[in-house]
Amino acid sequence: MRWSNLFIPTLREDPADAEVTSHRLLVRAGYIRQLTAGVYSLLPLAQRVRLKVMQIIREEMNRVGGQEFLLPAIHPAEVWKESGRWEVMGDNMFRLRDRKGADMALGMTHEEVFTSIARNAINSYRQLPQVWYQIQTKFRDEARPKSGLLRVREFTMKDAYSFDVDFAGLDKSFQDQYDAYCRIFARCGLKYTAVEASSGAMGGSQSTEFMIRTNAGEDNIVVCEKCGYAANVEKATSKLAPSDDQGGPAAAEEFPTPGVRTIEDLTTFPGGAAADRQIKTLVYMLDESVSLVLMRGDHELNETKLMDASGAINVRPARPEEISEALGASAGSLGAVGVTQSSHPKITRVIADEALLGRRNMTTGANKDDHHLRGVSIDRDIKVDTWASLRSVKAGEECANCGAPLDVFKAVEAGHIFKLGTKYSNSMGARVLTADGQEVPIVMGSYGIGVERVMSAAVELYNDGAGISWPAAIAPFHVVLTPVNIKDQELLGAAERVYDDLQRVGVEALLDDRDERAGVKFTDADLVGVPYRITFGKKIREGKVELFTRLTRESEDVPAESVVEVVRGKIESEIA
Ligand SMILES: Nc1ncnc2c1ncn2[C@@H]1O[C@H](COP(=O)(O)OP(=O)(O)OP(=O)(O)O)[C@@H](O)[C@H]1O
Ligand SMILES: [Mg+2]
Ligand SMILES: [Zn+2]
């Protein structure tokens, strides 16, 4: 391609609204334009990158036996009602009515539609396993679309689904996808971390997220450099130092705490307690029923863990009036001691974090304004309905496997694979006969990867003050040829010859034939992020060109006659 014919609207200034680097650079370098919040047009350079990412994904899906489908983006409400997700998806689902008044939705994922095909066509174990996938547009009315292409309301997803006769089959299908995902990210040139994850609203058991470490990400991942343990903070655990509770009194003792409102207040109050000797009592609405959530005073609740532990879909902190109605006290003096179904009929359950197991001699609110209780023994004084891991692991805590200190990093989720089990086959009636004639639900897995998110995560990883620096495998072009002056026929002619030769050997070349100053061309090429640049300048008289590597910003002189082979060798070794 010739630059003069390509639409690359680069900007001199950063866009004002861009919060993260990839957003800023993709707009500035002429890849994307926003149409409305969370909805972007991909311009020619971005579409080239997108197609490359899609091709890598497609090859790896095919390699593990995936068969490519294309399902509709517009769905009737019925299939979503069958699975129960018409309600679950809430405001994230774009909904509409057709002219006859029938409810429809824009597809945010495709478990339902794929399952509806499987249940009608697959009835014997002989037809299994199947691995089905598509690369298609998804619509999600995200609460906070932002960060350019990282979180949008319309995007391309590769979603794959596996169908097996039993859980052993699912284990194999899951492992195949795991391996395929590792190859996809490696081939795209992206450093990634595969982490244990929560399965969330999609339902299921084992789940792995493929995370790209970047401060632009909205997830936190917990990583042990020593043993390789890695988990989303929504799932991660750690080993806590043992606590020395030293007996305590025979019964809890109430004491006045005027003005004490927070855990912190009580740490400095005379006769108070250190944060790790306090029980923090939170009041949550779990699907609109009031629950108490107990945490160690210095620990932070993770709401996703609370959802997973309770099975609730809508989780929110209770409002002050809901709290005083249920407990008769206000936040600051809340506690669970003596709270039972008969004493507090509004409270449906008490869920406590495992870090409180067996703790004695603790301090907590007395459920009476300006009063607390000390000498509280959990087992003796509090009726806990559910014990679960509810806290967010913090950096520096000990790895549960090996004891080494854990790190916590910000990351963006680029891919997510999980075992659905029989959730959808049960709710939607997808069953098969086994070899011994029994009817069983099909065992499913679901595997997603966001194409534009991979693209923008790559920009987050590979950029510098001058612009983007694409990994060769997903770069819009491999090499840009820059004659410093196109009016110089010798320079232009040499560039044209190399350009033809590169294309002949399969290297994607962009000839910057614009009548611009060399400085302008270099700046644009750096911004756009093509991995190599060949500059045709005055050294051409000695038969030499300059080869510039975008990532390292190093230049070397190369004989013009061998530059095609040199560049081809570099590209091939990077893409292999
Ligand atoms: N709003 C979005 N914009 C761009 N890509 C997305 C978006 N939501 C999901 N994806 C991509 O689709 C993949 C599979 O979708 P999945 O439903 O597992 O995502 P998710 O758990 O909702 O992601 P997130 O936690 O970031 O909202 C994700 O790993 C991500 O790459
Ligand atoms: Mg989401
Ligand atoms: Zn470890």
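These are my notebook entries on a predicted model.

**Entry 1: helix packing**

I started with α1 and α12. Helix α1 covers residues 21-28, and helix α12 covers residues 451-461. Their axes lie 8 Å apart, and the packing angle is about 100°. Angles of 65 to 115 degrees count as roughly perpendicular, so α1 and α12 are roughly perpendicular to each other. I then looked up the residues that meet. From α1 come Thr-21, Ser-22, Leu-25 and Leu-26. From α12 come Ser-456, Val-459 and Glu-460. By class, this contact has three nonpolar residues, three polar and one charged.

**Entry 2: the cavity**

How many cavities of 30 Å³ or more does the structure hold? I found one. The largest cavity has a volume of about 50 Å³. I noted its lining in sequence order. Leu-150 and Arg-151 are listed, then Ala-216, Gly-217, Glu-218 and Asp-219. Val-412, Glu-413 and Arg-453 complete the lining. I sorted these residues by class: five are charged, three nonpolar and one polar. Arg-453 is part of this lining, and its number falls within the 451-461 range of α12.

**Entry 3: the hairpin**

Next I went to β1 (residues 32-36) and β2 (residues 39-42). These strands pair in the antiparallel sense, over four bridges. Gln-34 has Tyr-40 in β2 as its bridge partner. The two strands form a hairpin with two residues between them. In the turn, Gly-38 has a positive phi of about 70°.

**Entry 4: an open sheet**

I traced a sheet of three strands. It is open, with the order β13-β19-β18 and antiparallel pairing. Which strands are at the edges? They are β13 (253-256) and β18 (362-365), each pairing on one side only. From one strand to the next, the twist averages 30°. I checked β18 against β19 (residues 371-376): three bridges join them, and they run antiparallel. One bridge pair I wrote down is Gly-365 with His-372 of β19.

**Entry 5: the second largest pocket**

β18 came up again here. I read a volume of about 330 Å³ for the second largest pocket. Its lining counts 23 residues. Nearest the centre lie Arg-261, Lys-280, Thr-281, Leu-282 and Gly-332. Which elements supply at least two residues of the lining each? I listed α7 (263-268), β14 (279-286) and β18. β14 gives the largest share, six residues. By class, twelve lining residues are nonpolar, nine are polar and two are charged.

**Entry 6: backbone exceptions**

I ended with the backbone. Most residues other than glycine have a negative phi, and most peptide bonds are trans. I looked for departures from this.

- The peptide bond from Leu-128 to Pro-129 is cis, and its omega is near 0°. Pro-129 sits in the loop between α5 (111-121) and β7 (130-139).
- Glu-288 is not a glycine, yet its phi is positive, about 70°. I placed Glu-288 in the loop between β14 and β15 (289-296).
- Asn-361 also has a positive phi, near 60°. I found Asn-361 in the loop between β17 (347-353) and β18.

Conventions
Residues numbered from 1 in each chain as written. Chains lettered and ligands numbered in written order. Predicted model: local features only at pLDDT ≥ 70, side-chain atom pairs only at ≥ 80, totals over all residues. Heavy atoms only, no water. 1 Å grid on protein atoms, 1.4 Å probe; cavity = no way out; pocket = protein on both sides within 12 Å on 5 of 7 lines; lining within 4 Å. Points joined across faces, edges and corners; volume = space filled by probe spheres on them. Nonpolar A, V, L, I, M, F, W, Y, C, P; charged D, E, K, R; others polar. Axes fitted to C-alpha atoms, helices over the stretch in contact; angles between N-to-C directions. Parallel < 35°, antiparallel > 145°, perpendicular 65-115°, else oblique. Contact = heavy atoms within 4.5 Å. Pairing = 2+ DSSP bridges.
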